[in-house]
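Let's take a friendly walk through this structure together. Have the sequence and the 3D view open as you read.

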Amino acid sequence: MTAPDAEEIRRTQRKFRHAVPADELERRSLAAVGRLARSDWWTHARTIAIYAAIGGELRPEGLLDERRDDQRLHVPVLADDALRFVAVTEQTTWMPNRFRIAEPIATEGGSPIESLGATLLDLVIVPCVAVDRSGHRIG
């Protein structure tokens, strides 16, 4: 018997993920947010990026409520084919991008929103379909 390839694992895990009822997804998301917010990774991070969940992934948006005053939260934005991380707050205005994923509007009052490259981030939160036994993202 051969091991499944990464695409087969992603397909299988997506089926499982889409079968999770909305209330159970919310419960699991809140549990994951709570666990992460108590972790050393979160405690020591000052500049954090959070990717939006899609297709039934655990939702990290609750981390916005866990942010401390000394932490800056960012989300990825594709601008001119370059991935940048844009700062967000409770006042951020959002709109769907070309992939129908909500992202911040690129300006605030006509001024560009602060953005960073990935090398300046302390922590990046990425929902995913599955990980291997070593914790590497499969999809």
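## Pockets, sheet and confidence

Two or more lining residues come from each of α1, β2, β3 and β5 (102-104). Of the elements, β2 gives the most to this lining, with four residues. Sorted by class, the lining of the second largest pocket has 19 nonpolar, six charged and three polar residues.

Before going further, please keep in mind that this is a predicted model. How confident is the predictor in the chain? The mean pLDDT is 83, and 91% of the residues reach 70 or more. Which elements mark the two ends of the range? Helix α3 (residues 40-44) has the highest mean pLDDT, 95, while strand β7 (residues 111-112) has the lowest, 54. Where pLDDT is low, the predicted coordinates should not be read in detail.

Five strands form an open sheet with mixed pairing, in the order β8-β3-β2-β1-β9. The edges belong to β8 (115-116) and β9 (123-125); each has a single partner strand, so one side of each is left without a neighbour in the sheet. Further in, strand β2 (residues 72-79) and strand β3 (residues 82-88) run antiparallel and are joined by seven bridges. To find this pairing in your viewer, look for V77, which stands opposite R84 in β3.

How much space lies in the largest pocket? The volume is about 730 Å³. This pocket is lined by 26 residues, and A32, L58, V126, P127 and C128 lie nearest its centre. Strand β9 supplies at least two residues of the lining, as do α1 (6-18) and α2 (22-37). Which element gives the largest share? That is α2, with seven residues. By class, the lining of the largest pocket has 17 nonpolar, five charged and four polar residues.

Methods:
Residues numbered from 1 in each chain as written. Predicted model: local features only at pLDDT ≥ 70, side-chain atom pairs only at ≥ 80, totals over all residues. Heavy atoms only, no water. pLDDT = per-residue confidence, 0-100. Pairing = 2+ DSSP bridges. 1 Å grid on protein atoms, 1.4 Å probe; cavity = no way out; pocket = protein on both sides within 12 Å on 5 of 7 lines; lining within 4 Å. Points joined across faces, edges and corners; volume = space filled by probe spheres on them. Nonpolar A, V, L, I, M, F, W, Y, C, P; charged D, E, K, R; others polar.
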